[in-house]
Amino acid sequence: MTYMGKDIEIEIAIALLKNDQVIAIPTETVYGLAGNALNPFVVNKIYEIKNRPLNNPLIIHLPDTTQLYKYVKDIPTIAEKLAAYFWPGPLTLLLPKSDIIPDIVTAGLPNVAVRIPSHPLAIQLLHKLPFPLAAPSANPFGYISPTSAEDVKKMLFGKIPYILDGGPCTKGIESTIVGFDGDMPIIYRVGAITPDAIKKIAGKVEINQKKIQNPLSPGMLPSHYAPHTPLFLTNNIATLLKKVPHSGTGILAFKNPYPFIPENCQVVLSQMGNLDEAARNLYKALHRLDSLKLERIVAERVPNAEIGIAINDRLERAANK
């Protein structure tokens with residue numbers, strides 16, 4: 001599939017990446033801060049630009065499944081089944097790494113997180129490169145993930161030489177990360193692919209609920225995806241608003257606005273109550289509210305079903321700052 005009008009931009013990105021630069025690229029989930037995953041010097045630059053702890057491993061991105069066997073080994077049959085069904089797409093698999101993957105990518109751990117993105121611009125770029133890309137979200141560590149090139153520009157201006165603009169991210173929330181204990185799939189980070197979707201293909205799945213400071217995979221830290229403004233999470237905004245001053249308060253609501261709070265200080269994720277739309281709008285909404293320099297943001301949990309599980313996960317981590 002060709003992403004029309006972007007050939008020159010892709011060639012610029014290729015030239016920079018081959019010259020050991022780190023750039024921002026679009027995926028269907030969030031924008032990634034990308035560099036040559038096989039070059040420890042480049043990978044270290046990614047950590048430095050993000051100010052990301054070196055004990056927090058990265059995801060590598062491939063153009064197709066034919067390259068998977070270069071970078072991983074001992075792939076469980078169930079992993080192959082999930083890859084065949086969900087790739088390209090927002091599924092990351094945690095698999096034993098081959099020796100070609102530098103230890104800095106995996107934080108010294110034996111497994112590497114791998115995925116094939118579905119964004120057509122990312123796929124075109126990856127097909128034209130002789131190496132996979134390490135690409136965590138293109139934001140300062142711990143802050144709100146970017147879902148547009150403009151988000152990246154605001155956060156990383158002057159720190160990277162180029163942003164490959166692929167428009168708004170269609171999923172708007174990070175990939176689901178799945179590892180394996182024998183033939184048992186274990187979700188280490190809930191994301192754009194739901195546990196039920198995994199279970200339909202695998203027949204079973206466990207969710208690792210641990211959020212730890214020394215993660216086994218990306219996405220396991222207890223505090224993450226957080227605005228600078230303190231965020232308070234509630235099941236009932238109206239009840240919480242009785243306890244906090246209305247002045248200086250911003251509202252992140254699922255589908256209904258709230259009285260007594262200025263309209264410009266409120267964001268509704270989906271007026272139709274659509275969870276996929278809410279996921280697409282989540283980080284954009286948090287960026288907007290954070291830019292208002294309010295005293296607090298009051299956020300509402302969404303229905304804890306389908307992709308709503310991942311939305312609530314991100315809000316809980318943002319509130320745990």
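How many cavities of 30 Å³ or more does a search of the whole structure find?

A: The model is predicted, so local features need pLDDT of at least 70, side-chain atom pairs count only at pLDDT 80 or more, and totals for chains, interfaces and linings use all residues. Residues are numbered from 1 along each chain as its sequence is written, and side-chain values use heavy atoms, with hydrogens and water left out.

The search of the whole structure finds 1 cavity of 30 Å³ or more. On a 1 Å grid over the protein atoms alone, a cavity is a set of points where a 1.4 Å probe fits but cannot get out; a pocket is an open set with protein on both sides within 12 Å along at least five of seven lines; and lining residues have an atom within 4 Å of a point. Grid points are joined across faces, edges and corners, and a volume is the space filled by probe spheres set on the points.

The volume of the largest cavity is about 250 Å³. Its lining comprises 24 residues, of which I59, P136, S137, E174 and R189 are the closest to the centre. By class, this lining holds 9 nonpolar, 10 polar and 5 charged residues. Here Ala, Val, Leu, Ile, Met, Phe, Trp, Tyr, Cys and Pro count as nonpolar, Asp, Glu, Lys and Arg as charged, and the others, Gly among them, as polar.

E174, one of the residues closest to the cavity centre, also belongs to a network of salt bridges with D313, R314 and R317. A salt bridge is a side-chain nitrogen of Lys or Arg within 4 Å of a carboxyl oxygen of Asp or Glu. R314 is buried at a relative accessible area of 1%, and D313 is buried at 7%. Buried means under 20% relative accessible area, exposed over 50%, and partly exposed in between (1.4 Å probe, protein chains only).

Helix α11 spans residues 308-319 and includes G308; helices (H or I, at least four residues) and strands (E, at least two) are DSSP runs, numbered from the N terminus. G308 is buried, with 0% relative accessibility. Leaving aside residues up to four places away in sequence, G308 touches L275, V302 and P303, where contact means heavy atoms within 4.5 Å.

The salt-bridge rule gives a count of 9. One of them joins R115 to E28, with 2.7 Å between the closest N and O atoms. Because R115 lies in strand β5 (residues 111-115) and E28 in the loop between β1 (23-25) and β2 (32-36), the pair ties together parts that are 87 residues apart in sequence. Both R115 and E28 are buried. Another salt bridge is formed by the side chains of K97 and D103, at 3.2 Å from N to O; K97 is buried at 11% relative accessibility, whereas D103 is partly exposed at 49%.

The largest pocket holds about 570 Å³. It is lined by 26 residues, with Y143, D151, M155, H287 and R288 the closest to its centre. Helices α7 (149-156) and α10 (275-291) each supply at least two lining residues, and α10 gives the most, with 7. The pocket lining divides into 8 nonpolar, 9 polar and 9 charged residues.
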